[in-house]
Amino acid sequence: MGREEESQTEIGPFMHAGKLDESRHAGQFKLQGDEPPVLLGRNLGPNAVELCLAALGFCYAVGFVANAAAKGFEIEELSYEIEGDIDLHAFLGLGKGRPGFTEIRVKSRVKSSNASRENLESLCQYVPDTSPVRDILANPVPVKTDLEVV
């Protein structure tokens, strides 16, 4: 790691049904994150909150396509535009308030040759209601943080 703002993470095998499931990821995925220069970064990758929004888009897309396929709908095009409002004053120690997003907005666009508008609108409502990432963002989740000083 060259600078404090830059970070790398690796995502490897995970536990599934109480067992290590190495078949899910053939190897480790490496992600690089950074911050823009205004936050003392070098823009070598997305920042953490951008990755959070991307995770929501990935989850929605998988949910939409999987549920459409289960209903026999062919999806020709699917895209999401996701944006969020965030005030960094609390994060930077410059004020009070919430350090995270105060609102996230998702605009979806879909094209299907064999699904009606009503079918697609129904899916568009169902997907957020069953999205694990949206659930994590919308509902309190206990987060435990430990520190090992070396």
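Good morning. Glutamate 83 is partly exposed in this predicted model, with a relative accessible area of 36%; partly exposed covers the range between buried, under 20% relative accessible area, and exposed, over 50%, with a 1.4 Å probe and protein chains only. Glutamate 83 sits in strand E5, residues 75–86. Helices (H or I, at least four residues) and strands (E, at least two) are DSSP runs, numbered from the N terminus. Between glutamate 83 and leucine 31 there are 52 residues of separation in sequence and 21 Å in space, C-alpha to C-alpha.

A word on the basis of these values. Residues are numbered from 1 along each chain as its sequence is written, and side-chain values use heavy atoms, with hydrogens and water left out. The model is predicted: local features need pLDDT of at least 70, side-chain atom pairs count only at pLDDT 80 or more, and totals for chains, interfaces and linings use all residues.

Now to confidence. The chain has a mean pLDDT of 90, and 91% of its residues reach 70 or more; pLDDT is the predictor's confidence in each residue, from 0 to 100. Among the elements of the chain, the lowest mean pLDDT, 71, belongs to strand E3 (residues 19–21), and the highest, 98, to helix H2 (residues 117–130).

I turn to helix H2. H2 has 14 residues and spans 20 Å from first C-alpha to last, close to the 20 Å expected at 1.5 Å a residue; the expected span is 1.5 Å times one less than the number of residues. Leu120, Leu123, Val127 and Pro128 are buried in H2. Seen down the helix axis, the buried residues of H2 fall within an arc of 120°, so they line one face of the helix; the arc is that of the directions from the helix axis to the C-beta atoms. In general, an α-helix has 3.6 residues a turn, so residues three or four places apart point the same way. On the face of H2 turned away from its buried side are the exposed residues Glu118 and Asp129.

The largest pocket holds about 470 Å³ of space. Its lining has 13 residues, of which Leu51, Ala54, Ala55, Phe58 and Val133 are the closest to its centre. Helix H1 (48–70) and helix H3 (132–138) are the elements giving two or more residues to this lining, and H1 gives the most, nine residues. By class, the lining of the largest pocket has twelve nonpolar, one polar and no charged residues.

The second largest pocket holds about 390 Å³. Of its 16 lining residues, Arg98, Phe101, Ile104, Leu137 and Ala138 are the closest to its centre. H1, strand E6 (101–112) and H3 each supply at least two residues of this lining. Its classes are eleven nonpolar, two polar and three charged residues.

On terms: on a 1 Å grid over the protein atoms alone, a pocket is an open set of points where a 1.4 Å probe fits, with protein on both sides within 12 Å along at least five of seven lines, and lining residues have an atom within 4 Å of a point. A volume is the space filled by probe spheres set on the points, which are joined across faces, edges and corners. Ala, Val, Leu, Ile, Met, Phe, Trp, Tyr, Cys and Pro count as nonpolar, Asp, Glu, Lys and Arg as charged, and the others, Gly among them, as polar.

Finally, the loop between strand E4 (29–33) and H1 contains leucine 40. Leucine 40 has a positive phi, near 70°, and is exposed at 55% relative accessible area.
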